[in-house]
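Colleague: I am new to this one. Please walk me through it, feature by feature.

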Amino acid sequence: MRYLAKRVERICDELYRLRIVQRIPLTDLICKKGTYIRPEAADAATPPWTSFDSRTMHWYGPDEHYWFRTEFTVPKALNGKAMWLNVRTQIEGDDGKNPQFLLFVNNVPVQGMDMNHRDVLLSPKAISGEKLVFDLQAYTGTIHNEFNLFMEIQEIDPEIEALYYDLKVPVEAFSRMEKEDRNRMLLENALNEGINLLDLRTPYSEEFYASVRAASAYLKKAVYTDLAGHDDVIASCIGHTHIDVAWLWTVAQTREKTARSFATVLKLMDEYPNYHFMSSQPQLYYFLKERYPELYARLKERVKEKRWEPEGGMWLEADCNLTSGESLVRQFIHGKRFFREEFGVDNRILWLPDVFGYSGALPQIMKKSGIDYFMTTKLSWNQFNEVPFDTFEWRGIDGSEVLTHFITTLSIGQNVQNFFTTYNGMLHPDAIMGGWERYQNKDINNDILIAYGYGDGGGPTRDMLETSKRMEKGVLGIPKVRQVFARQYFDELNERVKDSNRLPTWEGELYLEYHRGTYTSMARNKRGNRKTELGLMDLELLSVLAAPQLPYPVEALDSLWKNTLLNQFHDILPGTAIHEVYEQTKKEYDAMAETISALSADRMQVLAPQGEGITVFNTTGKTRSDIVVLENCTANALSDGKNTYPVQQTENGAVAFLPDLPPKGYKCFAPVEAGSFENTLHIDGSTITTPFYTVEFDESGLITRLYDRKNDRETVQPGKYANLMRMYEDKPMHYDNWDIDCYYTEKFWDVTDVQRMEWTERGPVRATLEIERKVSRSVICQKIHFYAACPRIDFETTVDWKEHQHLLKAHFPMDVHTDEATFEIQFGNVTRKTHQNTSWDQARFESCGQKWIDVSEGHYGVSLLNDCKYGHSVHNGEMALTLIKSGTEPNPVADQEMHVFTYALYPHAETWRSAETVAQAYFLNQPVRATAGGIAGEAYSLASVDAKNVILETVKQAEDGDGVIVRLYECENARTTTKLHWNRPIASVTECDLQENALTDVPVEGGTFKFTIKPYEIKTFRIR
């Protein structure tokens, strides 16, 4: 018979209406505006309570908090009945920006309430005469201005509701079945026979209830027994709510979202014994522990019961392009430690559903942090190409492999707006069947992972959990659902596929062909991150050096790192949150910089030997000869007791070029007066000749010629200009602050309007050309520094940017023959093609690099360094650094402010390896520090490594306080045996993983130990 499914749907609609037997509106409330954590805080607050009649009054937003209260005495009509509270506004939808509530009943936090969680089961059997006080912590959201508030006590009949779901779940699978599908026909006939038993003539009569029971009994046998028990396709489901720590709301609001969401999960766990849930971010647990310890205690009990899974690897779901290697290590250290100490669990999954691309360094960081598995889904957004599998081994740049699984993959060309069904998924037959249809590795695996529940507020719903109860039966033609932890799923997946010769491997980075603007958006925030990361590493080294005299600042460093890790969240650091988020991070980065500076200055002062000299600190792991900025130095030279080096006075202090500064240490110089020094920097109009280059500028301040004197080489492509700034119209199709689309190059303006150009420094140390340019409403000021003893050319830049939806790039068309460029990533580098031969090449028109990129041919190349930029493009030998983006959504004033940054050009013989580009990038990013005190010639190096391709990066106290941790990595893809020299007594050396767990003891000879490091390997040693 035709339309049987429609008939069943019609009966479902009727049962859904009938399930609510009684309604009692709650209209007389009291109200107080303000943000309060608990009912007693609302009571204690100064503003008076006011009456709120929900029939006639409104409350107002956006971004406002209110507190509502009302009292209710259970009437006789509800005695013994299932009593519910329904809370709603006039707003419909499931957006995390809409009104949200936390319900307290008799002063106890009970459940979060939002568009998808409007009902609270107060009691399965109400007791007449019981008095209840309802408090609502209410937030308006950020979209709407005016709200109703409807509160209603309801009796919901459990038998009617159960029958409703018995019918609804199978019929919702029909959209994925052909009409002639025999499975569908069998289900339709069974459902039809079931509703034939239902008597709807007199609802709530004895006859009606008898028919409900008869229909339910029939369906239990016909559908959930006779047509059940199938498990040829399995959907392993774990409740989840992906909570953005900041995005279209602030971190402060996320504290509330966390409480609401976790309270909802706990409430539903009371009602559904088989409900399993996971949440991945220790930062959220920390928020809950601080604010609602009673909820946190309940959560811990659910963890003990193995119903709540604290899993995920990192402190929070951090960006993986912009975050430094050491910061990623700390994400795992802090994240895994929190879950281990709080819950006794050791995380084995990196859970990152919503991050904007994944560095090729991640597999090794994961493996050495005790992570076995990786889950994401964001690659399904790709614009150009579909990743050809969903279950695979991901191999990193060093060869480390991690079993990886995508929750689902959307078809290419599908509207990305539908993405949120993939990891904030619906536990719904159509969604799960669709997930199986899209899954690409059916030949090796019949079990897909579903993380279900609304994100950014509430997680799974009762509707989903009722659906799960029925799909767990394995109904004919529908994947069998099981509630299972993510860890169990991955362990079982690994057993199924580990020996399969059909398990594919993906080599290198997982580049997201989307959201390319996140490398650049909110540049000030990215600068704050870079400076804080490096400042913390410098402080740790200085603290180790000064530890005998000053205590290691354990608590301060812990707080500073956690704040840094928080602001690396994948919608904060990439620049894709609202304006208020960045007003807060500005304060935080400024405060952290002040704290780091003060703590570092204290330690440098302690370390500087007594004397009238100047002590300079080299915090990098390489011996360096470099520029030093000096304060209050009026002498014209510095002496190390053997040689004298010129000091050049500048407008903002003095500069000197000091050689042979020891790694991870310091050297002392004495200010002296010496004779005049030869000036090897010769300026003739708009041309400068240095010991390294001859550089010519045109009237627009562009470099028309850069001749490398040491290598007899012209570096700029004929007819092109170097350091050409170009402003592009940037109007992406969708996500403004996220995206740069491939057509951005269609319209641009070269920045050639010079307001001022003059040589402002002409000393023996450096010469500086200052150029002020205007473009549209913005002003760009540059100080281009040329050095007598350093081959870098530094472009110190200040931009007063007043544009929106335009991005700014600096172009360097280099006359170098190559079809690839090298980009630094965390703990290594990758090469990417610079042509557009394939769709994969075309998609990578904007790429992320850390501190440098390079183009090199056989025996010559040019590196482009930066101190806080990440977005790059390279095509036909032309390197471009993306400086500013200035989108408008969700932050309408993004990047419209003052920008300060430096980039540098570094031409060199041979390749970047021979030229030690990696070291030069560290020198640019970690300037030499100077403090008063010292005796000329005194020098100290705590640690050094013999091999130039091994980067000694981190020196810190061990997390447990037992010894010092030293972290190194190999940067040239070359297996190397080398030695580390330690300038303190050594009792023992132990090689560790990135969690600082012991692996092997290392033999020591005096103050030296030998080790072999593999290509791009990260090594960690504990020295006692």
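Modeller: Start with a term. Helices (H or I, at least four residues) and strands (E, at least two) are DSSP runs, numbered from the N terminus. This is a predicted model: local features need pLDDT of at least 70, side-chain atom pairs count only at pLDDT 80 or more, and totals for chains, interfaces and linings use all residues. Residues are numbered from 1 along each chain as its sequence is written, and side-chain values use heavy atoms, with hydrogens and water left out.

Colleague: What does the pLDDT average to over the protein?

Modeller: pLDDT is the predictor's confidence in each residue, from 0 to 100. Here the average is 96, and 98% of the residues score at least 70. Residues 409-422 stay under 50. For that stretch the model has 30 contacts beyond four places in sequence. Contact means heavy atoms within 4.5 Å.

Colleague: How do I read a pocket or a cavity?

Modeller: Rolling a probe the size of a water molecule over the atoms shows where empty space is left. The search runs on a 1 Å grid over the protein atoms alone. A cavity is a set of points where a 1.4 Å probe fits but cannot get out. A pocket is an open set with protein on both sides within 12 Å along at least five of seven lines. Lining residues have an atom within 4 Å of a point. Grid points are joined across faces, edges and corners, and a volume is the space filled by probe spheres set on the points.

Colleague: Which residues are closest to the centre of the second largest pocket?

Modeller: Asp119, Glu161, Tyr165, Arg462 and Asp463, out of 45 lining residues. The second largest pocket holds about 1,100 Å³ of space. Elements giving two or more residues to its lining include strand E9 (119-123), helix H3 (158-171) and helix H12 (462-471). The largest share, 8 residues, comes from H12. By class, the lining has 21 nonpolar, 9 polar and 15 charged residues. Ala, Val, Leu, Ile, Met, Phe, Trp, Tyr, Cys and Pro count as nonpolar, Asp, Glu, Lys and Arg as charged, and the others, Gly among them, as polar.

Colleague: How many cavities of 30 Å³ or more are there?

Modeller: The count is 8. The lining of the largest cavity divides into 6 nonpolar, 4 polar and 6 charged residues.

Colleague: And the second largest cavity?

Modeller: Its volume is about 110 Å³. Of its 18 lining residues, Asn321, Ser359, Glu509, Arg832 and Cys848 are the closest to the centre. The classes here are 9 nonpolar, 6 polar and 3 charged.

Colleague: Which residues touch the most other members of the largest nonpolar core?

Modeller: In soluble globular proteins, nonpolar side chains tend to be buried together. A nonpolar core is a set of buried Ala, Val, Leu, Ile, Met, Phe, Trp, Tyr and Cys residues joined through side-chain atoms within 4.5 Å. Buried means under 20% relative accessible area, exposed over 50%, partly exposed in between (1.4 Å probe, protein chains only). In the largest core, of 237 residues, Leu167, Trp308, Tyr358, Tyr903, Leu980 and Trp982 touch the most other members. A second, separate core of 30 residues includes Phe72, Val105, Leu132 and Phe134.

Colleague: Is Ala843 buried or exposed?

Modeller: Ala843 counts as buried because its relative accessible area is 0%. Ala843 sits in helix H17 (residues 839-843). Its contacts, leaving aside neighbours within four places in sequence, are Phe384, Asn385, Tyr511, Glu513 and Arg516. Asn382 is 461 residues away along the chain, yet the two C-alpha atoms are separated by 8.9 Å.

Colleague: Where is the backbone worth a look?

Modeller: Gly61 and Pro62 are joined by a cis bond, with omega about 5°. Pro62 is in the loop between strand E4 (59-60) and strand E5 (65-73). The bond from Glu889 to Pro890 is also cis, with omega near 10°.

Colleague: What is phi of Met522 near?

Modeller: Near 55°, a positive value in a residue other than glycine. Met522 is buried, at 2% relative accessibility. Ser776 also has phi near 55°, but Ser776 is partly exposed, with a relative accessible area of 41%.
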